[in-house]
Amino acid sequence: MSARKNLALLVLCAQLFLDSMDVSLMGVALPEMQDDMGLSNEQLQWIISGYAVAYGGFLLLGGRAADLFGRRRMFFWATAVFAVVSLAGGLVSDGSLLIITRVIKGVAAAFIAPAALSIITTTFPEGPERNRAMSMFGLTGASGYAAGLVFSGLLTSLNWRLTFFVPFIVAALVLLTVRSVVAADERRTGERPGFDAFGALTATGGVLLLVFALTRAPEVGWGSSVTVVCLVTSVLLLIAFVVIQNRRKDPLVELSIFRSRTLSTANVVGVVWACATIGWQFIALLYLQNSLGYSALKAGMAIVPMAAAILLAVNLAPRIISRVGLRIPAVIGLLLQGLGILLFLRAGENANYAAVLLPALIIHGLGNGTSFLSFNIAGVSGVPNDKQGLAASLIQSAVQLGGGLGVAVGAAVLAAASTDAGVGAYHRAFLAVGIFSLVGALASAVGLGASGSSDSSNSSDSSDSSGKAEEAAPSQQGASQQGASQQGAGLESGRA
């Protein structure tokens, strides 16, 4: 990659690191916030959930806005909002205002993430170059979450307000550099496409209510009026959204994009991948602290080997994908992730870290990094440049929704099994979320296609294309595999 491209990737990844870190950065700081500001337990919960609900709910709108109004422009102004509310969050002394800053940060992150990912996919062409860029992007997101767990303890030991001030400083540095390293948006010619306001309203409202219901259900109950009303209203809004998209000339989401089997499969895999790994993180941190007696900081440090395994996986995955395509790494990665989760069934009330927990964490990390990169590449592969923001927001929405569902399932199983003696409740919860990884492996095996094959929706002779993979040019319309897997023998010299 050129020096300018590397600088652009560095700046984009720095902001994604912040977005991911903000998901976990508040965890250790919550008790200090509660003591200092007199917050209720419900307010504490919304300091975490407010960010996640806003992030998941506005991703589709953020992706479409990036396509329509300019990716760099959306990235810059959303990062500016992120920086301002980070500073405000560190200064306020009222619990309600603190929650508002977290919600606004979630909205800003929903505009930042698809803009950043679509800048990467339009800057780096399909093949080894994009695979390498995507591996760095994936590593950044994964390591940001782990870093948040560690930094939260370190910063809180000094002052909990630093968990807001440090993100402000990093976001400010990103703002100072982004316009000099990221290419300007292309000037549009002709009439600008219309903006689907009703589609935006129904999609955002439907997703917001769905994420809200999944987040609140473990606390208020799945049969409560709040949960039922939110879920029913969410379904009705999403049905209305589909009807509107079919009738609009310039829809928020062109439903034809789902004709790509690979893109559709990638989004399904994104949901179940997040159900498994984020649901596992929620359960595992409770287990480490409540059953093994780890401090919050020690629990965060215990996860570090998994982050190291993810680092290794996302560095090796682009080479594997270039050689064999997307199906094999996705399937193997999800099976390893599931195995790592299910190995926690061996953990008891006095589990030895080195003998029991460490192997499970490493296996989970290797599978997590490999599968994460595979379905993210699949989700934007073969999509025209003017739809990259939409494709990016779809895959990120899938991950956010999956994360909310995984936490909800884990919390519900823990609550239902709370009468079990010892760690029985945790074992049931680990089993529940581990099954999601196996579902993802099956979906990947069926939907991502064999190495070198084209998307069945775009190619009538995909069945015999595997043997011609070394001669085939990368297809912008064939979305089943990356161009990297179709460039054959030229890959080795290109990497060298």
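Student: Why does Cys275 count as buried?

Tutor: This is a predicted model, in which local features need pLDDT of at least 70, side-chain atom pairs count only at pLDDT 80 or more, and totals for chains, interfaces and linings use all residues. Residues are numbered from 1 along each chain as its sequence is written, and side-chain values use heavy atoms, with hydrogens and water left out. Buried means under 20% relative accessible area, exposed over 50%, and partly exposed in between, with a 1.4 Å probe and protein chains only. Cys275 has 1% relative accessibility, and therefore counts as buried.

Student: What makes Cys230 buried or exposed?

Tutor: The relative accessibility of Cys230 is 10%, so Cys230 counts as buried.

Student: How many disulfides does the rule give?

Tutor: A disulfide is a pair of cysteine sulfur atoms within 2.5 Å, and by this rule the count is zero.

Student: Why is α1 called roughly antiparallel to α7?

Tutor: Helices are DSSP runs of H or I with at least four residues, numbered from the N terminus; axes are lines fitted to C-alpha atoms over the stretch in contact, and angles run from 0 to 180 degrees between N-to-C directions. Helix α1 (residues 3-25) and helix α7 (residues 162-181) pack at about 160 degrees, with their axes 10 Å apart. Angles under 35 degrees count as roughly parallel, over 145 as roughly antiparallel, 65 to 115 as roughly perpendicular and the rest as oblique, so α1 is roughly antiparallel to α7. The residues of this contact (heavy atoms within 4.5 Å) divide into twelve nonpolar, four polar and two charged, where Ala, Val, Leu, Ile, Met, Phe, Trp, Tyr, Cys and Pro count as nonpolar, Asp, Glu, Lys and Arg as charged, and the others, Gly among them, as polar.

Student: What makes α1 oblique to α4?

Tutor: The axes of α1 and helix α4 (residues 71-91) come within 12 Å and cross at roughly 40 degrees, which makes α1 oblique to α4. In this contact, Val11, Leu12, Gln15, Leu18, Asp19 and Asp22 of α1 meet Phe75, Thr79 and Phe82 of α4, and by class there are five nonpolar, two polar and two charged residues.

Student: Why are α13 and α16 described as roughly antiparallel to each other?

Tutor: Helix α13 (residues 327-342) and helix α16 (residues 424-447) pack at an angle of about 170 degrees, with their axes 8 Å apart, and α13 and α16 are therefore roughly antiparallel to each other. The contact of α13 with α16 has twelve nonpolar, six polar and one charged residues.

Key: Helices (H or I, at least four residues) and strands (E, at least two) are DSSP runs, numbered from the N terminus.
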